[in-house]
Amino acid sequence: MTATSRAKKIFAAFAAFTCCALVAVALTGCQQEQKKEDVQLQVFAANSLSKAMEEVQQAYIEDGHSNVSFADTQYKASGELNEMLGAGSYADLLISASKGSMDTAVSKGYVDGSTRVDMFKNDLVMVSKEGAEMKDVTLQDIADGKYTICVGDDSVPAGNYAAQSLSTVGVYAPAGDDAGKTGKDITGKGGSYNTDMVKDGKVVLDTSVGNVCKHAQSGDVDIAFVYTSDVYRFGGVQVVGTVPADTHKNIVYPGAITKDCTNVEATQEFLDWCLSSEKAQKIWQDWGFELA
């Protein structure tokens, strides 16, 4: 081989190597440009969503969103979540367990109303301790004093729905703007339970749906008013009656991005995924939630 031929081959090899190197650099540059910035989202969610939301957040990260992490998600009664936002606590996303609580969040400027969307539906049920010998319990049975009950207080949406239903049989007396109305036409806040029943320990109030369920689990009361999803979430209880849907407002969970959110694009992407992803839908359903 002549020196000239050898030089040509060396040059060709060098040119090929250089070309490959340039392509590799270009691809690396593109990949770096395409890689999304790391973001941490803070979610405020209704108590009843805790178990399902934990699974959904993990599934979201695993489903191509490794750049996203979640701060310590706050699970509280919807009214308490509003109080936290009003006191200056930061969140990117608020998911409430009632339209009324979200209405308050919108009116007080805690969330961006244009991002509001109804996410889930739920049912209100009466539960007892597992193994208790009772079934087909009705609201009238409660009114007749056959059982002791526990319901959430004014800050607990499940308690508001229970109050609406119990007003139809005289166990709960609406007050203020609700006076003289019953069922779906009242808020289930600000009223009072039958004085004699409270005095006799027939009616117990508590500050969260989780605490309400515990009263039934332990047998402290015969009946607790909780969501269907709480039966899956807590266990240790059995459904002994379903509260008629026409005695209370529709149980809907609205979600909205907060006004102070600094991660609007990432939060909206997560919110959309929660409602459109088959993985997310299966998780919600496994925990007793129905997409609205």
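1. A residue is called buried here when its relative accessible area is under 20%, exposed when that area is over 50%, and partly exposed in between, with a 1.4 Å probe and protein chains only. By that rule arginine 233 counts as buried, because its relative accessibility is 10%, and its place is in helix α9 (residues 228-234).

2. This is a predicted model, in which local features need pLDDT of at least 70 and side-chain atom pairs count only at pLDDT 80 or more, while totals for chains, interfaces and linings use all residues. Residues are numbered from 1 along each chain as its sequence is written, and side-chain values use heavy atoms, with hydrogens and water left out.

3. Helices (H or I, at least four residues) and strands (E, at least two) are DSSP runs numbered from the N terminus, and two strands pair if DSSP finds at least two bridges between them. With these terms, the model has an open sheet of five strands in the order β11-β8-β12-β7-β13, with mixed pairing. Its edge strands, each pairing on one side only, are β11 (203-206) and β13 (237-242). Neighbouring strands of this sheet are turned by 35 degrees against each other on average, direction ignored, where axes are lines fitted to C-alpha atoms, for helices over the stretch in contact, and angles run from 0 to 180 degrees between N-to-C directions.

4. Strands of a sheet pair through backbone hydrogen bonds, either parallel or antiparallel. Strand β7 (residues 124-129) pairs with β13 in the antiparallel sense over five bridges, and the bridge partners in β13 are threonine 242 for valine 125 and glutamine 238 for serine 128. β7 also pairs with β12 in the antiparallel sense, over four bridges, and leucine 124 stands opposite tyrosine 227 in β12. Because five of the six residues of β7 are buried, this strand is largely enclosed by the rest of the structure.

5. Which strands does helix α6 lie across? Helix α6 (residues 157-167) lies across β7, β8 (149-152) and β12 (223-227), and runs at about 120 degrees to β12. Helix α8 (residues 209-218) lies across β7, β8, β11, β12 and β13, running at about 140 degrees to β12.

6. A nonpolar core is a set of buried Ala, Val, Leu, Ile, Met, Phe, Trp, Tyr and Cys residues joined through side-chain atoms within 4.5 Å. The largest such core has 69 residues, and those with the most contacts inside it are Ile142, Leu166, Ile223, Phe225, Phe270 and Trp284. Apart from it lies another core, of 11 residues, including Leu81, Met84, Met102 and Val111.

7. Contact means heavy atoms within 4.5 Å. Leaving aside its neighbours within four places in sequence, arginine 233 is in contact with Asn47, Ser48, Ser50, Lys51, Val209, Gly210 and Trp287. Arginine 233 and tryptophan 287 are 54 residues apart in sequence, yet 6.8 Å apart in space, C-alpha to C-alpha.

8. Is aspartate 136 buried or exposed? Aspartate 136 is exposed, with a relative accessible area of 61%, and lies in the loop between β7 and α5 (139-143). Most residues other than glycine have a negative phi, whereas aspartate 136, although not a glycine, has a positive phi of about 50 degrees.
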